[in-house]
Amino acid sequence: MGRRRRRMDKEASARAGAGARTLLDAIAALSRSLPAGPNPEIFRRAKFDRPEAAPALWQLLFRLLAPLQVDRATASLGPGAQARWVKAVLCYLGYPRPALAQLPEDGSHGSRELLLTFSWLLAQGPLLEWLLAQTCVQLGDQVPTVECEVLTSPGLAAIQMDAEGPVDLRRLQWLMGKLRFQWQRLICSQQEQCALLSKIHTYTHGCHSDRNLGHLSVTETEMLRDPEGIHQQLRALEQENARLEAALEWRRYEPVFWQWMDTVLGACPPEGPAAPMFRSRIPEHECGKLELATLQEELQTLQEELQALRELLCEEVLSRRQAWEAQVGGLGRGPEWSAARQTLQQNVDQELLALQQSWKQDRSPSLPQGPHRLVKIKAGSAGAKGLPVAEVIRLLRSQEASLEAVLCKLQGQCQQELARLVGTVPGLIWILPPRC
Amino acid sequence: MSIVTVQLGQCGNQIGFEVFDVLFNDSQCSQGFCSKRENEAYQTSCKERFFREENGVPIARAVLVDMEPKVINQVLSKAAQPGRWKYSPHACFCQKQGSGNNWAYGYSVHGPKHEESIMNLIQKEVEKCDSLSGFFIIMSIAGGTGSGLGAFLTQRLQDHYSNALKMNQIIWPYGTGEVIVQNYNSILTLSHLYRSSDALLVQENDAVHKICARLMKIKQISFRDINQVLAHQLGSVFQPTYSAEGAFHYRTNPLGDLMEHLVPHPEFKMLGVRNIPQMSENSLAYSTFTWAGLLKHLRQMLISDAKMDEGIDWQVRPPLPRLPPLGKTSLNREQRFNTSLANLVILRGKDVQSANLGGFEDPALYTSWLGPANAFSVWKTPRAFNRYERSAALVSNSQAFVKPLDAVVGKAWNMFASKAYIHQYTKFGVEEEDFLDSFTLLEQVVASYCNL
């Protein structure tokens, strides 16, 4: 009851127009929904550019930008290195304000600039949702779908010469062999993991209270074996719940925060021309009306040009078609003609199909993205929902095939390059090593 | 992860039995000089790797193959004694007629003829593993069945299980062997294995014989004595050791780790084992060792290419760094120095964390193109092995086999030049061309090792 009354109070005051209390609640909610969010007071101090707020904000930005996997490795970074990291990542993301780059890395001042940076990140996209998804407590076994992207670019990387002089070829062969063994081991351990997972799923068949699932996951089995683990899971779930609630609350009062951020921006001394922006989705209130008007004008012209081009294209197609039909009309319509027509039709169909497939692949997949719970179901059983395994395998196969094609192409290029290099040395015979 | 052992021929089956016996007895041994929990983790790891359980009895993950029933029956009955481990009765393949020390017969006749049945047995054993790390193929190189059929089967395993690792545990014949064609057989085996196996772990009969005589003080040395020493060496390498994660986490894939450390290069696949201390059970009770002492000796055994901790040449020193290329005068002395491509030291026993391995991290021990950071690694466990309070084993990929290999190739070439006994091979489809290919390949291997 108390909570509801407080919430209603908040709504009332929000309607009254950004009362100080609501702002405080908004910031507090935001802070609670962030991992290791700072004290709300830090935000207030940062508005007035108080130096003591800077270290906490550097740390917050670092936590937001450092990927979870490297957390352990980067946790040991000193504040200076963390700040450099943050600057580098923001530069990569296209952060537009040059003032950030000039901030000292010891955290001695610049808290307002950091607050602006933080709000820019927040405005960029679904930051909060992403963070919440990252730290979500997983009870089921996850199957990673289609996470692998084609990373390789079809082209040789620039040849890098070592400053220390030429490298012994045997060293390269050694390292290559090492990679091959590591690859084999990786496959082995993946197979082992799958075999064990399958065992758990088979042995716990019928244990799950949810009939759709039927069996337990690794985490659930672990909890059965170790009751202490249940308390830990419970705590983790409670924490996640609290953060989710805070995030919901934050959504309600978000406008108040942005109004307040406007005043923060207003408190900044005017800057020189900003660096060109990439990738930024500018929140509307930051964009001057003048700029908006020019943008609209540009859009208008572009649309008109597009329309004109389209009409031109239509005319062109029409005249071509007429010319072609006239040409064809002159030919006899014998059996050869129809055979030729059929093959043409087939070719076109095939190409169309190939195009459609590659388009589908590029759009990667009609499958839902994100984590999925791995559940063992008998083939053909009714009511099977979710991700069809066959589909995932097909997708992975096609990715494998395209990666292999890239590999082949790269190897071909390497061999050509080698052959060319060998050609420049007279009297040298090049024999490929047996298995490399 | 599990390893499936394939025991081939008389030699492979006898040694295979001793290996499983050492592994089992050591893991059951209460004198581990460590805590109960430590001991249990060690036992579990060993069992998963080499044994499976059927009705509470440990069954060796092994397939036994021979063309004569005698030896297989012997080892089966030895393993059938109560209170021990056993072989699966369904994992044996034998015939009535051997190969008569003719490599070609084993490779070209027995191989294709029995391929399907043997591969089926192996397949069944593989299916009983949760995960397969690889194969351990025990065979001699100089005979007929073990070496000929072994070379054939290794190729088939490479075709069928390309993602599983293959280590051939091979027994180098006595220099003064009785089989007249042993050098032919050896070069054929080695060259075929070099193409299809990932690593050749070589143990020399001559060296082990000396160990039995001088260190174990055995008066009348039997094959059993020799095989027990061989098995002890293998056990000291493949029994569980800690992984990088630290205490109680035992390495899950030792075969993979070992190969990644030692044999990634396709031209350098020959591995040798040295271990210290090695002595009779009676003297063991009255001996104590320090890590510093053991490692000092082991290092000198490595660089002077001594097979045992006795009669080591202490004069051999690594070449001094940054000296101009050696002149003719010093060449002879320097030749005695055994350059390593890569080394793996395995330490087992008390206070193992205190052992200082600085001596093995000296760049002078290695080639110019692979420094100690890449070429040296160490495995440890505080669990003692086979009642030795402290023991060390060294697996190395070094120049040590240049001399014996060169000698075998030389002797075989001399016979081949006079076309002696070639018809025994051509009769079964192994042509002169195959011999020439083998010579070429092995001479290349010798040259590669010489130019390290």
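The following dialogue explains how to read several features of this predicted model.

Colleague: Which conventions apply to the numbering and to the confidence of the model?

Modeller: Residues are numbered from 1 along each chain as its sequence is written, while chains are lettered from A and ligands numbered from 1 in the order in which they are written. The model is predicted: local features need pLDDT of at least 70 and side-chain atom pairs count only at pLDDT 80 or more, whereas totals for chains, interfaces and linings use all residues.

Colleague: How many helices and strands does chain A have?

Modeller: Helices (H or I, at least four residues) and strands (E, at least two) are DSSP runs, numbered from the N terminus. Chain A has 14 helices and 2 strands.

Colleague: What share of chain A is buried?

Modeller: A residue is buried if 20 or more other C-beta atoms, placed from the backbone, lie within 10 Å of its own; it is exposed if 12 or fewer do, and partly exposed in between. Of the 436 residues in chain A, 13% are buried.

Colleague: How is chain B divided into domains?

Modeller: Domain bounds come from an automatic or database domain assignment. In chain B they give domain 1 (2–273), domain 2 (281–398) and domain 3 (403–450). The C-alpha centres of domain 1 of chain B and domain 3 of chain B lie 26 Å apart.

Colleague: How many residues does each of these two domains give to the contact?

Modeller: Two residues are in contact if their C-beta atoms, placed from the backbone, lie within 7 Å. Domain 1 of chain B contributes 19 residues and domain 3 of chain B contributes 20 residues. On the side of domain 1 of chain B that touches domain 3 of chain B, the elements giving two or more residues are helix 4 (103–127) and helix 6 (182–196) of chain B. The largest share of that side, 8 residues, comes from helix 6 of chain B.

Colleague: How does the span of helix 11 of chain B compare with the expected one?

Modeller: The expected span of a helix is 1.5 Å times one less than its number of residues. Helix 11 (residues 291–303) of chain B has 13 residues and reaches 18 Å from its first C-alpha to its last, close to the 18 Å expected.

Colleague: Against which strands do the buried residues of helix 11 of chain B pack?

Modeller: These buried residues, among them B:Leu294, B:His297 and B:Arg299, pack against strand 9 (270–276), strand 10 (340–349) and strand 12 (390–398) of chain B. Just after helix 11 of chain B, B:Asp305 takes a positive phi of about 55°.
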